[in-house]
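Student: I have just opened this one and would like to understand the words used for it. Could we go through them together?

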Amino acid sequence: MYDKLSNIYDLISFYYFCIFICVVENNNTMYSELQKDKLARHWNKVGILLCTNGSAQVSINGQNFGLSRGMLFVMSPLIQIRDLIPSDDFESVSFADDLKVFYPIFKFISDADIPLRVRKRPCWQLPESEAAYVTVQCKHIEKQRKALNDTEDSSERTLLSRQIHLIEQEVMLEILIDNIRRNEQVANCTFGHELTAYRFILEVHENYRSQRSVAWYAARAKLSPGHFSTIIRHTTGKTPSEWIATITVTYAKFLLEESDKPVKEIAQELNFPEQFTFRKYFKTHAGISPKEYKRQCGKKNLYEKNKTSIIDIL
């Protein structure tokens, strides 16, 4: 597939929409639960959903779309899914996770318009060969996910995680190359507020350790805090403060999961003045203390309890 990477800037831009995949075969019971959760409960997730059978009606950024076999939609902080009504025989494959995993790639993007183009056209029909490829790869990812969940060997878990990430990236590239080809005609559109929101999210990832003030990010955008907050809330559905807290806690969770450092040292690394302040901040936004979260991460069944499902995506 690498001979397709003729425009690496455009392709890297698309990484913003793909993060740590979990594949789910969906049914009506699951979507009934989705409806109860109002679909937007986990607004900080990024991913895709591909319809593999049946049909559905979905509301994306206030517009209604009809899904049929082979149709796909993208989810991101700039693409809000508000409603999904499936047919009795609806099935799909999907993937999503937090924003953190692909940040080392999309942090280099400051002026890319590709993610904003996908926001404008978030739902499209894949060619049959492309849909078949995505489905096969998703099943392979699901198999490796099960292996990851079943093993206690840390080295094997590391290798499996890395393998899954690489497959995920290839799948997303294939999907988004297809979107580039189909949406070239909107490449020169002006996106204004969407670009402000996109740059803000990137800047929070870059500066979350040292800057958690809305006023600081507003100044970077050369806007008043009030006007800046209105733009971010209108574009993403969440306030700048909520974004800053979510991204900070997401990285804090990553450190608690992957590091042997004590909570006090992690608090220092995240530039909290003291452990108590970090504990209060984390518990407010995560609903659990950092110490308890770290303790839970040591349990073998943590992955099964916390793995991302389609219910968590929307």
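Student: How many disulfides does the structure hold?

Tutor: This is a predicted model, and it holds 0 disulfides.

Student: How do you know that C51 is in no disulfide?

Tutor: A disulfide needs two cysteine sulfur atoms within 2.5 Å. For C51, the nearest cysteine sulfur belongs to C123 and is 9.6 Å away, so by the 2.5 Å cut-off the two are not a disulfide. Seen from C123, the nearest cysteine sulfur is that of C51, at 9.6 Å, and C123 is in no disulfide either.

Student: Why is C51 called buried?

Tutor: Buried means under 20% relative accessible area. C51 has 1% relative accessibility, so C51 counts as buried. The cut-off works for C123 too: its relative accessibility is 12%, and C123 therefore counts as buried.

Student: Which residues meet where helix 10 contacts helix 13?

Tutor: From helix 10 come K253, L256 and E257, and they meet P290, Y293, K294 and C297 of helix 13.

Student: What makes up this contact, nonpolar, polar or charged residues?

Tutor: The contact of helix 10 with helix 13 has 4 nonpolar residues and 3 charged ones, with no polar residues.

Notes
Residues are numbered from 1 along each chain as its sequence is written. This is a predicted model: local features need pLDDT of at least 70, side-chain atom pairs count only at pLDDT 80 or more; totals for chains, interfaces and linings use all residues. Side-chain values use heavy atoms; hydrogens and water are left out. Contact means heavy atoms within 4.5 Å. Helices (H or I, at least four residues) and strands (E, at least two) are DSSP runs, numbered from the N terminus. Ala, Val, Leu, Ile, Met, Phe, Trp, Tyr, Cys and Pro count as nonpolar, Asp, Glu, Lys and Arg as charged, and the others, Gly among them, as polar. Buried means under 20% relative accessible area, exposed over 50%, partly exposed in between (1.4 Å probe, protein chains only).
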